[in-house]
Amino acid sequence: MSVDGTSAGGALASGDGQETPLCGSNQERGFKPEPGTPASRFLQVELELNAHLRRLTFSGPVRYIYNPLEYAWDTHSCYVHRYCQGGQRVLFLGMNPGPFGMAQTGVPFGEVRSVVDWLKITGEVGRPEVEHPKRQIRGFACTQREVSGARFWGFFQKVCGEPAVFFRHCFVHNLCPLIFMSDSGKNLTPPELPKGERDAMLALCDIALCQAVQALGVSMVIGVGKVAEQRARRALSAAGVDVRVEGIMHPSPRNPLANRGWEEVAKAKLTELGVMSLLQQGVVKLEDL
């Protein structure tokens with residue numbers, strides 16, 4: 001048990017020392033794997049990661065933990081079943097959910113309007129059992145704009161026109177499914193967590209990433225931001241997974257360079273990597289990957 005009793009499932013310890021779980025397991029919520037499909041293999045990796053993360057506890061400054069792969073499983077599985085198709089060569093990898101993106105919708109970089117209007121994701125979003133009053137989960141009714149997600153999906157909407165063009169070649173995933181908050185409701189990124197607790201969590205996420213990459217059969221992982229890129233390179237190399245790892249600038253508004261024209265920076269890097277021609281022409285060029 002940690003100092004403040006916060007568990008990785010978003011639960012708080014009750015007075016008798018027993019942890020109150022966020023919700024039941026995803027298996028109990030009706031997930032029935034479809035043997036052999038890329039989507040089912042990918043979702044199984046996530047279910048197993050969730051089971052391991054629930055056993056972890058975190059101390060200060062962490063006070064609240066949300067896991068959208070629990071309370072937003074319905075919409076998340078809709079996203080995976082619709083767009084995890086097999087034959088995709090590029091995996092864009094974020095670090096962990098944003099408070100107004102995936103935390104609300106269950107979709108990586110999941111700014112609400114992009115998820116509803118472009119990706120056409122449907123389903124019900126529940127709520128964590130314990131919420132910070134300033135960080136309530138409102139699902140598709142959330143009106144706060146997630147700038148990173150709007151920039152990310154907005155860019156690919158401009159490039160591809162239709163989601164089918166993007167997802168024919170690419171998929172999007174986060175290394176860690178958890179979002180962490182302090183007493184004040186401040187979003188805490190994984191680098192801000194206590195080192196030992198962070199390392200234990202990320203070691204589990206690293207294993208799941210390697211399993212996901214192998215399940216999907218991608219040949220390139222593109223970290224969105226330096227932290228995700230470096231973590232992916234280290235994890236995949238250590239596991240001997242033969243995949244190319246690259247990176248693009250994170251679209252976060254906290255990044256002054258991103259605020260001065262993230263789309264142009266991303267376009268230049270993806271052109272260098274051969275991804276832009278792949279998306280624009282709609283033809284897989286393995287020599288570019």
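Analyst: A point of definition comes before the packing: axes are lines fitted to C-alpha atoms, for helices over the stretch in contact, and angles run from 0 to 180 degrees between N-to-C directions. Please note also that this is a predicted model.

User: At what angle do α1 and α8 pack?

Analyst: Helix α1 (residues 38-53) packs against helix α8 (residues 195-216) at about 170 degrees, and their axes are 9 Å apart. Angles over 145 degrees count as roughly antiparallel, so α1 is roughly antiparallel to α8.

User: Which residues make the contact?

Analyst: On α1, they include Phe 42, Val 45 and Leu 49; on α8, Leu 204, Ala 208 and Ala 212 are among them. By class, the contact comprises 11 nonpolar, 2 polar and 2 charged residues.

User: Changing topic: how many residues of β5 are buried?

Analyst: In strand β5 (residues 170-174), 5 of 5 residues are buried. Cys 170, Val 172 and Asn 174 lie on one side, with Phe 171 and His 173 on the other. In general, side chains of a regular strand alternate between the two faces of the sheet.

User: In what sense does β5 pair with β4?

Analyst: The two strands pair in the parallel sense over 5 bridges, β4 being residues 90-94. Asn 174 of β5 is the bridge partner of Gly 94.

User: And how many disulfides are there?

Analyst: The count is 0 disulfides. For Cys 170, the nearest cysteine sulfur belongs to Cys 160, 7.2 Å away.

User: Why does Cys 170 count as buried?

Analyst: Buried means under 20% relative accessible area; Cys 170 counts as buried because its relative accessibility is 0%. Cys 210, at 8%, counts as buried too.

Terms used:
Residues numbered from 1 in each chain as written. Predicted model: local features only at pLDDT ≥ 70, side-chain atom pairs only at ≥ 80, totals over all residues. Heavy atoms only, no water. Helix = DSSP H or I, 4+ residues; strand = E, 2+ residues; numbered from the N terminus. Parallel < 35°, antiparallel > 145°, perpendicular 65-115°, else oblique. Contact = heavy atoms within 4.5 Å. Nonpolar A, V, L, I, M, F, W, Y, C, P; charged D, E, K, R; others polar. Buried < 20%, exposed > 50% of the residue type's maximum accessible area, 1.4 Å probe, protein only. Pairing = 2+ DSSP bridges. Disulfide = S-S within 2.5 Å.
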